[in-house]
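Here is a friendly walk through some helices, a strand pair and a chain interface. Have the viewer open as you read.

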Amino acid sequence: MQFLADFLPAGMAMHAPALIVVIPLISAALAALMPNGRVAWVVALITAALVAMLSLNLLGQVVADGVISYHMGGWAPPLGIEYRVDMLNIPLLLLVGIIGLLCVFYALPSVADEIAENKQALFYSAFLVCFTGLLGVTITGDAFNLFVFLEISSISTYVIIAMGAGKDRRALTASYNYLILGTIGATFFVIGVGFLYMATGTLNMADMAAILEETGHNRVTQAAFAFIVVGLGLKAAMFPLHLWLPNAYAFAPNFVTAFLASTATKVAFYALIRFLFSVFHPDVSFVEMSFVWLFAVVGTIAMVVASLQAVFQTDARRLLAYSSVAQVGYMMLGLGMGTASGLSDGLLHLMNHALMKGALFMALGAFALNFGVRRVKDLAGMGKTMPASASAFTIAGLSLVGVPLTVGFTSKWYLVTAALERGWWWAVAALMLSSLLALAYVARLLSAIWMDAPPSHHGEVMQRRLAPWMVLVPMSFLALANIYFFFHADPLVWLARSAAEAVMGGN
Amino acid sequence: MLEILAERFNYIPIIILMMIGLYVVIATGNLVKRLVGLSLFQTSVFLLYITIGKVFGGAPPILENYKADDGYGHGGNATGYGTADAAHAADAAAGEAAGHAEQAADHAVDTAHHAAEVLYSNPLPHVLILTAIVVGVATLAVGLALVVRIRESYGTIEDDALNAADYSLETGSAE
């Protein structure tokens, strides 16, 4: 795919770190002015394609020249705002860029079905603002700038989730609850940044790290640490702070769920890693303690409890939302090992999880598009009525369980290996238990899809109906990626490894 | 204990406000009141930032005797940079002025020298908070818009009633 990136003119490549944020921001305004949803969708598609190209181009630049530091407006850091691309955030940029492109491609039929005609252009506009925010959080090197982008993405997320109200009014309350919790999270984060600013007198993250290393830590930085972990934990749906997530995912428009599930919480999780490893140092005693006693323990509980909750859900998307909370637990466990291999396995699972959940939610969206179904038992017979979508769903579902020949197996295998290296038998046991529970809830979905007969209404059996090709293409692409990256795991493993090395080995 | 509190008296009202805000968010069942609490919580954080910008004995970060000779023209630029902090101000102002006409450059450097003699409060937190206020207003606007829509479709903005409505919907449509 590298050849795509080479199309960019040299001037664009030079300013790629700024353009990757500026282009979606300007397109958001353009999309809002468009006369109808279809034209706005074209704007969104072009934007997402440009962003995907820019992220590939940045990957090339980082691999060739090392860390890119882009000075906004020519003001040198630490006074100016710095956009910084290194091996840690490049996987996230690629993830948001490429998944974003696939999701936008998928959006047209799905949005046309779920959102009122006169609101579609504005919907795409809000989506592009959210896209901007996620990219901004990923790329910025400035702590306060990160807060602003976090809120840009969150506020637009509240809006696009609430747009699900056309189908189910509970989207409104889900969005409202997310707004309250998300804002508390963001405010906690900004309190933490304020404390760090008090302690260091700077907002540039690299500069902060250098000053903290020099001056050492005190009560103020410890308080900052606690506030930042809680704040970003809320945004990343870390286990006890995940309450906003199930309803938000269950009632948002299908396209929004597919996009958010594979990008938004991932980006917040990245921000957390950035603070834990780059700003605070993993060798500092209280950070190290938080790994074992907070992330590993809570991650393990999340893996088991959230999976257990998932087993008992009646709504298919809610079920997968709880599963997402459990998967965040896997990532937390990887992070909590505090070793380079643990962190890289957590990141690998983060990327793989985006592939699975993207495909799963897209397939559920396809079912909803053709038959308007959302409950687990309504999925009955989908294997006969929509075989292509059901197959994609099955592949991604098996990947979620961690069946060999899928990426889910790869990342769980690596996680188990890393846990054994650390001598954490209990974590391995929890991983197995959680995988069994995953098998239970995925089996519920799959047995409904393949085993049950299609329901008949008034004596008429549901007919076979193919999903639109714009839905099928990105969905199959993601589902096949789940298999492809099992056999060619190297690119993803390499990305995760070099990300972990960049933050653990760098300082 | 009292001494410690007295030294940090500026934080006390902020913490009290913060806790009131957070408590309101958790305790009330009314969606609008919950947003009021949220705003209170956010605003107290703005105050936290403002209070750390204060330098004891520091003047407000506005260049004095400057507007008097020059009015508002291009000088407005140099004023902005001169306030950043004394040492950087000289550099920044000089650097900025290099691009302007020569007398303007001289003038900016003079001003910067003047700036170096005065102790200013830190203006950066104020700038940050201007941004955070905008974020807060946007959040509040979206929140209130949601409440309006919730009221339109549910006919209530009480949390209990909303839950009851959703629950009956879930159980009612189960079959």
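## Helix H18 of chain A

Let's begin with the buried residues of H18(A): Val407(A), Gly408(A), Phe409(A), Thr410(A), Ser411(A), Lys412(A), Tyr414(A), Leu415(A), Ala418(A) and Ala419(A). Keep in mind that this is a predicted model. What do these buried residues of H18(A) pack against? Their partners in chain A are helix H14 (316–336), helix H15 (340–371), helix H17 (387–401), helix H19 (425–451) and helix H20 (469–487).

After H18(A) comes Gly423(A), with a positive phi near 80°.

## Where H15 meets H20

Two of those partners, H15(A) and H20(A), also cross one another: their axes come within 9 Å, at an angle of roughly 145°. The crossing is left-handed.

From H15(A), the contact uses Leu355(A), Met356(A), Gly358(A), Ala359(A), Met362(A), Ala363(A), Ala366(A) and Leu369(A). Facing them from H20(A) are Val471(A), Pro474(A), Met475(A), Leu478(A), Ala479(A), Ala481(A) and Asn482(A). By class, this contact has 13 nonpolar residues, 2 polar and no charged.

## A strand pair in chain A

Strands S1 (residues 68–71) and S2 (residues 82–85) of chain A run antiparallel, and 4 bridges join them. Within this pair, Ser69(A) sits opposite Arg84(A) of S2(A).

Which way do the side chains of S2(A) point? Glu82(A) and Arg84(A) point one way, while Tyr83(A) and Val85(A) point the other way. All of these residues are buried.

## Chain A against chain B

At the interface, 23 residues of chain A are in contact with 25 residues of chain B. On the chain A side, helix H7 (143–162) and helix H8 (170–200) each supply at least two residues. The largest share, 14 residues, comes from H8(A). Sorted by class, this side of chain A has 15 nonpolar, 5 polar and 3 charged residues.

## Chain B itself

Chain B contains 9 helices and 0 strands, giving the pattern α-α-α-α-α-α-α-α-α along the sequence. Of its 175 residues, 26% are buried. Among contacts in chain B with a separation of 6 or more, 55% are between residues 24 or more positions apart.

Technical notes: Residues are numbered from 1 along each chain as its sequence is written. Chains are lettered from A and ligands numbered from 1 in the order in which they are written. This is a predicted model: local features need pLDDT of at least 70, side-chain atom pairs count only at pLDDT 80 or more; totals for chains, interfaces and linings use all residues. A residue is buried if 20 or more other C-beta atoms lie within 10 Å of its own, exposed if 12 or fewer, and partly exposed in between; C-beta atoms are placed from the backbone. Two residues are in contact if their C-beta atoms, placed from the backbone, lie within 7 Å. Two strands pair if DSSP finds at least two bridges between them. Ala, Val, Leu, Ile, Met, Phe, Trp, Tyr, Cys and Pro count as nonpolar, Asp, Glu, Lys and Arg as charged, and the others, Gly among them, as polar. Axes are lines fitted to C-alpha atoms, for helices over the stretch in contact, and angles run from 0 to 180 degrees between N-to-C directions. A crossing is left-handed if the near helix is turned anticlockwise from the far one by less than a right angle, and right-handed if clockwise.
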